Amino acid sequence: MIEDAAGRGSVWWAVAKERAVGCWWQLLVVELLHLVVLAVLSTVVSGAGAVRSATAVLLFAVGAVLGAWRWSARLRLLDGERDLVRALRTAGSPVLRLALLTTAVNPYGLAWLASTLLSDDDSLMRSLAPVLFPLGLCLAAVFALLPMAVLLEGRGLGRSWRLLRGSRSSVLRVGLVVLGQAALSVLLPGSMLSLLIDPACAVLLFASYRLSLDEENSRTHEGF
C-alpha cells in the first residue's frame, strides 16, 4: 500500500515521477512510432484512390487498434518492462478488445465516421459538435482507466467505472488529466505537442490507477 504522509496530491505526483523516470524515453519512442505509422498509413490510403467511405472506415479501424497497441506498450513499460522491443510485442486479443471498447465509448469518432459515410461534407459534425464535445469529455473521464482495466486486469467497462468512482480523490485526479489534456489539445494543437502531452497524461493516469487500487485495498482491509 502506498503511504500518504503529505497528501494525496503529492503522492500522485510521486508515483507518476517514479514510474516515468525509468522509461520516459521509451514512452516517447512509442508515441513517435504511433504518429509515424498513422501518418504513413493516412498517406498511403489517401493516395491509393479508394472510395472515401472505405478509406474512412479503414483509417478509423486501424487508428483504434493502433491506439490500443500504444496503450499496451505504455502499460508494459510503466509496469516495469525495461526492454522496449518486448514492450512493443503486445498480445493481439486484449489489444483488439480494448480497441472495440474504446470505440464504443468514443462518440466523437463514431459521429465523424457516420458523417463521412452518410454525407460528403462535415455538416453533421458541425450540427452535433455542441453535444459531442461535452459528451465526449464525460465519457473520456468515466472510462479513462479502461486501458488498465482491460490490459492489466482482463476486465472491462464496469471495472473502469468502479475504479473511477472509488473515491473523490480518484475522480479529481482523472478529471484533471482529461480536462487538462483536452484544453491543451485545443489551445496548442499539433502532432509534435502531442508527442509530449500524451505520454505525460498516460503516466498520470497510470499513477491514478495505482492509487485507486491502493484506496480499494485500504477499504477492503477496513471492512474486516
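**Figure 1. Eleven helices and zero strands make up the secondary structure of the chain.** The model is predicted. Read along the sequence, the pattern is α-α-α-α-α-α-α-α-α-α-α. The C-alpha trace spans about 60 × 40 × 35 Å along its principal axes.

**Figure 2. Contacts and burial across the chain.** Consider contacts between residues at least 6 apart in sequence: 73% of them join residues at least 24 apart. Of the 224 residues, 38% count as buried.

**Figure 3. The chain exposes about 11,900 Å² of surface.** Charged side chains number 20 positive and 16 negative. The centres of the positive and negative sets lie 3 Å apart.

**Figure 4. His34 is found in helix H2.** Helix H2 covers residues 24-47. His34 has a relative accessibility of 6%. The cut-off for buried is under 20%, so His34 counts as buried. Leaving aside residues up to four places away in sequence, His34 touches Leu66, Gly67, Trp69 and Arg70. A further pair to locate in this view is His34 and Val62. These two residues are 28 apart in sequence, and their C-alpha atoms are 11 Å apart in space.

**Figure 5. Cys23 and Cys201 are in no disulfide.** A search of the whole structure finds zero disulfides. For Cys23, the nearest cysteine sulfur is that of Cys201, 15 Å away. For Cys201, the nearest cysteine sulfur is that of Cys23, at 15 Å. A disulfide would need the two sulfur atoms within 2.5 Å.

**Figure 6. Both cysteines of the previous view, Cys23 and Cys201, are buried.** Cys23 has 0% relative accessibility, so Cys23 counts as buried. Cys201 has a relative accessible area of 9%. That value falls under the 20% cut-off, so Cys201 is buried as well.

Technical notes: Residues numbered from 1 in each chain as written. Predicted model: local features only at pLDDT ≥ 70, side-chain atom pairs only at ≥ 80, totals over all residues. Heavy atoms only, no water. Buried < 20%, exposed > 50% of the residue type's maximum accessible area, 1.4 Å probe, protein only. Helix = DSSP H or I, 4+ residues; strand = E, 2+ residues; numbered from the N terminus. Contact = heavy atoms within 4.5 Å. Areas by Shrake-Rupley, 256 points an atom, 1.4 Å probe, with all protein chains shown as cover. Lys, Arg positive; Asp, Glu negative; His and termini not counted. Charge placed at Lys NZ, Arg CZ, Asp CG, Glu CD.
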